[in-house]
Structure formats: C-alpha cells, structure tokens
Amino acid sequence: MRITVACYRTLGRRVCGVLIDAIVAYFFLTDSAGRRASIRYLRRVHATRAGRRALGRSAGTWASFLRYRAFGRAMLDRLAIWAGKAQDFEYRVQGNEYCDRLAEAGRGGIVVGAHLGNFDALRLLAERQQRIVHALMFTAHAERINRILDELSPDVELRMIESDPNSLKAVFEIRERVQRGELVSILADRAQPGEVGRTTETVFLGTPVEIPQSPFLLAGLLGCPVLLMLAFQTGPGRYDVFTEQLTEGVQFPREEREKGVSELSTAFAARLEHYCERYPYQWFNFYDYWGDDKSS
Amino acid sequence: MPSTDEIYKWVAEVLKQQFHFRDADLRPQASLIDDLDLDSIDAIDLTVRLEEKTGLAFKEEDLKAIHTIQDVVDFLHARL
C-alpha cells in the first residue's frame with residue numbers, strides 16, 4: 001500500500017494508469033477461472049432488460065475485460081485518494097438526507113456496502129462531509145492498515161475495526177460506536193467462513209446466494225437504522241453516490257427476528273441486483289460468487 | 001440487593017426466553033460458548049437483555065472474565 005501510494009505520488013496519474021492497465025490486462029489473460037466466473041456473472045446481468053441496456057454488448061470476453069478494466073480505473077482513483085490527490089473529485093449524491101437526518105438526531109447506524117463500486121470514494125465523501133465512519137474489515141491486519149492510513153492521511157476519521165466473526169471485541173466496538181452516534185460500514189455481500197448458520201439464502205440475479213445476516217441482526221439488536229451506500233465511477237474522479245435506508249431501526253421481538261432479518265438481507269440483495277443491472281462493470285467480485293463450479 | 005439465586009433465575013429466564021434453552025441445558029457451570037454454543041451476536045443479544053433488566057451498562061472488557069452462567073451471575077451480583 002505504501003509503495004503503490006509512493007508510485008502514484010512520484011509517477012503521477014497518467015503513468016500509474018498505464019501501469020494499472022497493464023497489470024489488469026495481465027490478470028485478465030492469466031486468470032482463466034476469473035474470466036469464466038466473470039462471463040457467468042455478465043450473462044446473469046444480460047438476462048435482465050436493464051442489465052442488457054447497461055452492458056451495451058453481449059456477455060462475452062470483451063465485456064469481461066471491461067469489468068477488469070473498470071476495476072483498474074477504480075484502483076487508480078483509490079490510489080489518488082490514499083495519496084491525498086483527490087481534491088478535485090466530484091460527486092453527485094442521492095439520498096444524503098438519510099445521513100443528515102441521523103447526524104441531526106445524533107444517531108448512529110450501520111451502513112451496508114458491497115464489492116460493488118468504489119468504497120474508498122465513499123470514505124472520501126464521508127471525510128468531506130465530516131462524518132465519522134468506521135469500516136469493519138474481516139482481516140487480522142486492521143491495526144497495521146490503521147497505522148498506514150494514519151501516516152497517509154492523519155485527519156481522516158475513518159478507521160478499521162478488526163473483525164473475527166467469533167470476536168466479541170468487534171461486535172462490542174460496533175455497538176459502542178453506533179451508540180456514540182457514528183456510522184459503522186460493513187461489506188455485506190460476502191458471507192465469511194465463521195458465519196455458518198448466520199446467512200439468508202436469497203435469489204440474486206436469478207440464482208440463490210448466501211447473504212450474511214450479522215449486519216442486520218446487529219442493527220436489530222441495537223435498534224439502529226441500516227443504510228445502503230454505494231459509489232459508482234462515472235469518469236476519472238467522478239462518482240454517483242446512492243444512499244438508501246433499508247430500515248429506520250426496529251428492534252424485532254425474538255420470535256419475529258428471523259423473519260425480519262431475512263427480509264432485510266433479501267431487500268439488500270434486491271438493491272444490489274438493481275445496481276448491478278445499472279453499473280454491471282463495477283461488480284468487483286471476481287471469483288465464482290454463485291458457486292457455479294461447485295454445482296456443475 | 002437481589003440474592004445470587006434471584007439473579008441466577010433472571011439469567012436463566014433470559015436464556016430460556018431469548019435462546020430457547022430448556023432447564024436441562026442450564027446449570028451454573030455451563031460454559032456460554034462451549035456448552036450453550038453462543039456466538040458474538042448472541043453475546044450482544046444477551047448483554048442487551050441483561051442491561052434492560054438491570055439498568056447496568058456492560059463493556060467488552062467486562063465480558064473477558066465471563067465464561068459460565070455463574071460468572072454472569074457473580075458479575076451482576078457484584079454490581080447490583
């Protein structure tokens with residue numbers, strides 16, 4: 001991370017862009033499993049009318065390459081953000097009123113995101129809007145990443161919370177921060193290995209997937225709102241940001257919890273589907289997300 | 001101040017109501033993780049219920065010393 005940021009600072013955006021394009025092309029050419037998974041994803045999107053329109057071409061090798069390239073473009077912007085060179089980034093924001101309302105009421109909440117679009121762009125927006133957002137990471141390296149982020153941008157309020165699904169520390173930290181009126185963001189499109197039994201099976205782009213329940217269960221227990229936030233690149237350093245409220249914050253009675261949480265996970269998957277159909281190239285899960293290889 | 005027996009009854013009641021345990025599952029020395037199979041989400045759940053019941057606020061550090069039902073009871077007894 002330090003090295004790539006140093007490269008960006010020294011070589012500039014244009015040279016880094018060429019390097020990233022080369023790296024992405026290399027991965028595209030050598031990662032046959034990724035290419036296969038990519039085409040299967042694109043076919044799913046292509047099967048929908050909105051998806052077909054947004055793709056603008058058949059779900060073939062070229063469309064698959066464009067997805068890899070979109071990832072490279074997002075990566076370039078992420079480098080700019082980490083290097084503190086993103087002052088000229090422009091945002092078109094929809095749904096900001098949900099964040100404003102929470103801030104006015106001093107309420108915290110859980111923000112669910114996905115490997116869809118660029119979540120570092122959301123971090124920059126939060127910084128500009130002076131909102132405190134903590135990101136939950138499924139990694140043992142949270143402390144190290146925090147140290148590097150501190151070096152790179154000491155003023156940024158976003159911090160990583162280390163999360164081991166079995167760790168009490170993470171859930172208590174989330175609770176503490178939400179109670180303090182802050183936002184905690186969780187990427188909720190991938191179930192972690194420790195979440196067995198804590199997932200909802202829901203149909204996503206025509207095929208069942210397991211969506212993690214923990215963000216929604218936690219919100220239910222804390223009685224806090226759940227927002228969905230996604231940022232899509234529309235050009236270099238230009239983003240469309242969408243914020244939606246999945247729930248205002250209800251504490252489910254125990255007997256209705258399973259149902260309430262399932263409904264939220266399903267609603268989340270439905271919104272992901274909506275955005276995949278509009279920004280199909282920015283779905284950045286490059287592995288066999290639907291488990292097609294296992295089932296075939 | 002409630003007695004440890006009373007507190008044990010509260011805790012057992014919460015575990016039965018919220019987690020559908022039966023009396024046979026519950027004994028003072030039962031480990032919350034190993035015997036009752038509670039995970040971190042359940043721990044928050046249990047914490048929220050006990051806080052509502054007692055008016056106390058639990059921190060993560062407080063939970064480090066808690067392994068069994070008896071530990072929960074002792075913890076509450078020391079603070080109520």
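Predicted model: local features only at pLDDT ≥ 70, side-chain atom pairs only at ≥ 80, totals over all residues.
**Entry 1: a histidine in chain A**

I started with a pair of side chains: H134(A) and E182(A) are joined by a polar contact of 2.5 Å. For this notebook, a polar contact is a pair of N or O atoms within 3.5 Å; within protein, one must be able to donate a hydrogen and the other to accept it, and residues adjacent in sequence count only if both atoms are side-chain atoms. Residues are numbered from 1 along each chain as its sequence is written, chains are lettered from A and ligands numbered from 1 in the order in which they are written, and side-chain values use heavy atoms, with hydrogens and water left out.

Where does H134(A) sit? I found H134(A) in strand β3 of chain A, residues 133–137. Helices (H or I, at least four residues) and strands (E, at least two) are DSSP runs, numbered from the N terminus. Is H134(A) buried or exposed? Its relative accessibility is 6%, so H134(A) counts as buried. The cut-offs I use: buried is under 20% relative accessible area, exposed is over 50%, and partly exposed is in between (1.4 Å probe, protein chains only).

**Entry 2: helix α6 and its ends**

Next I went to α6 of chain A, residues 119–128. Seven of its ten residues are buried, so the helix is largely enclosed by the rest of the structure. I wrote down the buried ones: D120(A), A121(A), L122(A), R123(A), L124(A), L125(A) and A126(A).

What happens at the start of α6(A)? There, a side-chain oxygen of N118(A) comes within 2.9 Å of the backbone nitrogen of D120(A).

After α6(A) comes Q130(A). Q130(A) lies in the loop between α6 and β3 of chain A. Its phi is near 55 degrees, which is positive in a residue other than glycine. With a relative accessible area of 73%, Q130(A) is exposed.

I looked up W82(A) itself, and it lies in helix α4 of chain A, residues 61–82. W82(A) is buried, at 11% relative accessible area. I also checked W82(A) against G206(A): they are 124 residues apart along the chain, and their C-alpha atoms are separated by 37 Å.

Then Y279(A), which I found in the loop between α10 (254–278) and α11 (292–295) of chain A. Y279(A) has 17% relative accessibility and counts as buried. Which residues is Y279(A) in contact with, leaving aside its neighbours within four places in sequence? I listed L116(A), F232(A), D240(A) and F242(A), where contact means heavy atoms within 4.5 Å. L116(A) is 163 residues from Y279(A) in sequence, yet the C-alpha to C-alpha distance is 8.6 Å.

**Entry 3: chain A overall**

Of its 296 residues, 55% are buried. Among contacts in chain A with a separation of 6 or more, 75% are between residues 24 or more positions apart. Chain A exposes about 14,000 Å², and carbon and sulfur atoms supply 52% of that. Accessible areas come from the Shrake-Rupley method with a 1.4 Å probe; for residues, only the protein chains shown count as cover.

**Entry 4: chain B**

How many helices and strands does chain B have? I got four helices and zero strands, and from the N terminus on the elements run α-α-α-α. The radius of gyration of chain B is 11 Å, close to the 12 Å that the globule rule gives for 80 residues, so chain B is as compact as a globular protein of that length. That radius is taken over C-alpha atoms, and the rule is 2.2 Å times the number of residues to the power 0.38. Along the principal axes, the C-alpha atoms of chain B fill a box of roughly 30 × 25 × 20 Å. Buried residues make up 49% of the 80 residues in chain B.

My last stop was H20(B), in the loop between α1 (4–19) and α2 (40–54) of chain B. H20(B) is not a glycine, but its phi is positive, about 60 degrees. At 59% relative accessibility, H20(B) counts as exposed.
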